[in-house]
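Visitor: Please show me the structure. I have some questions about how its parts meet.

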Amino acid sequence: MDKVAIVTGASRGIGRAIATELASSGMYVVVNFAGNEESATETLRLVREAGGDGEIYKANVANEAECKAMCDDVVKRLGKVDVLVNNAGITRDKLVMAMSDEDFKSVVDTNLLGTFHMIKLLVRYMLKNKGGRIINIASVSGVLGNAGQANYSASKAGVIGLTKSVARELATKNICVNAVAPGFIETDMVKAMSEGAIEAGVASIPMKRLGQPEDIAAMVGFLASDKASYITGQVINVDGGMAI
Ligand code: NAP
């Protein structure tokens, strides 16, 4: 059986590029999504075009029961999960004084608790399989902080702490756990920002240009490959120099 990967939030943007990249090395990719089935189906088409195979799977990562149903079903049918990419993420940007509990909780629930759910559920199967790779998509906002993103930065800094702790727990078990911290990447998440905010963002990038989803996918593909078997607990910035 080919390697099996689950990529959360793979219907669009960075997750779609990651799913396609993993498929190009022949993996079977479970394309998780929250609601956008048409878009997830297009990702699956790209996965097959890239040389892999896969399926789409609707599950809200913030909901443990939905994650459990997905993980148990995938392992029951396919026997294992070799690679988990925790990519699903949302923003609810506001200045901290205007931020409600709901703004804060919804972002932490999806970005951080969702990552925890998926790790907790799949680690037991990776241990049984005597190996695995977990790659968490953090953010430059979690590394540096960002005005207007207290909720998002806190969730992504949490993902970094989670990554390092789980990497230490699993280091002797042939399970590598790393984070990739993207900078400003051209996806729906960035397109939702005002033109002025995007211009200011680009000005803050030493390379003076937005990154592409494929820039992140290339690093995830490397971390998922046999070439990265001695790397664990790291946060790799792919950000045009923002976190220098
Ligand atoms: P995006 O274009 O907005 O896509 C978000 C993806 O996450 C979609 O596939 C969406 O599914 C899915 N999703 C959202 N909530 C979910 C949930 N509760 N359960 C399952 N899936 C869910 O985002 P993106 O820009 O590609 O970002 C991907 C990751 O990179 C996120 O973790 C983000 O924080 C991180 N990141 C992005 C940037 C950037 O500049 N774009 C920078 C740093 C970090 P549906 O299509 O079904 O809604």
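Visitor: Which residues of helix 6 does helix 4 meet?
Guide: Helices here are DSSP runs of H or I with at least four residues, strands are E runs of at least two, and both are numbered from the N terminus. Contact means heavy atoms within 4.5 Å. From helix 4, D103, F104, V107, V108, N111, L112, T115, F116, I119, V123 and L127 take part, and their partners in helix 6 are A150, N151, Y152, A154, S155, K156, G158, V159, L162, V166 and L170.

Visitor: How many nonpolar residues does the contact of helix 4 with helix 6 have?
Guide: Ala, Val, Leu, Ile, Met, Phe, Trp, Tyr, Cys and Pro count as nonpolar, Asp, Glu, Lys and Arg as charged, and the others, Gly among them, as polar. In the contact of helix 4 with helix 6, five residues are polar, two are charged and the nonpolar ones number 15.

Visitor: What kind of model is this?
Guide: Residues are numbered from 1 along each chain as its sequence is written, and side-chain values use heavy atoms, with hydrogens and water left out. Local features need pLDDT of at least 70, side-chain atom pairs count only at pLDDT 80 or more, totals for chains, interfaces and linings use all residues, and the model is predicted.

Visitor: Are helix 4 and helix 6 roughly parallel or roughly perpendicular?
Guide: Axes are lines fitted to C-alpha atoms, for helices over the stretch in contact, and angles run from 0 to 180 degrees between N-to-C directions. The axes of helix 4 (residues 101-128) and helix 6 (residues 150-170) come within 8 Å and cross at roughly 15 degrees. Angles under 35 degrees count as roughly parallel, over 145 as roughly antiparallel, 65 to 115 as roughly perpendicular and the rest as oblique. Helix 4 and helix 6 are therefore roughly parallel.

Visitor: At roughly what angle do the axes of helix 3 and helix 4 cross?
Guide: Helix 3 covers residues 64-78, and its axis comes within 9 Å of that of helix 4; the crossing is at roughly 30 degrees. That makes the two helices roughly parallel.

Visitor: Which residues of helix 1 meet helix 2?
Guide: The axes of helix 1 (residues 13-24) and helix 2 (residues 37-49) come within 8 Å and cross at roughly 25 degrees. On the helix 2 side are S39, E42, T43, L46 and V47, and on the helix 1 side are R16, A19, T20 and A23.

Visitor: Which residue has a polar side-chain atom 2.8 Å from a nitrogen atom of the ligand?
Guide: A backbone N or O atom of N36 lies 2.8 Å from an oxygen atom of the ligand, and a polar backbone atom of A34 is 2.9 Å from a ligand oxygen atom. The side-chain atom 2.8 Å from a ligand nitrogen atom belongs to N60.

How values were computed
A polar contact is a pair of N or O atoms within 3.5 Å; within protein, one must be able to donate a hydrogen and the other to accept it, and residues adjacent in sequence count only if both atoms are side-chain atoms.
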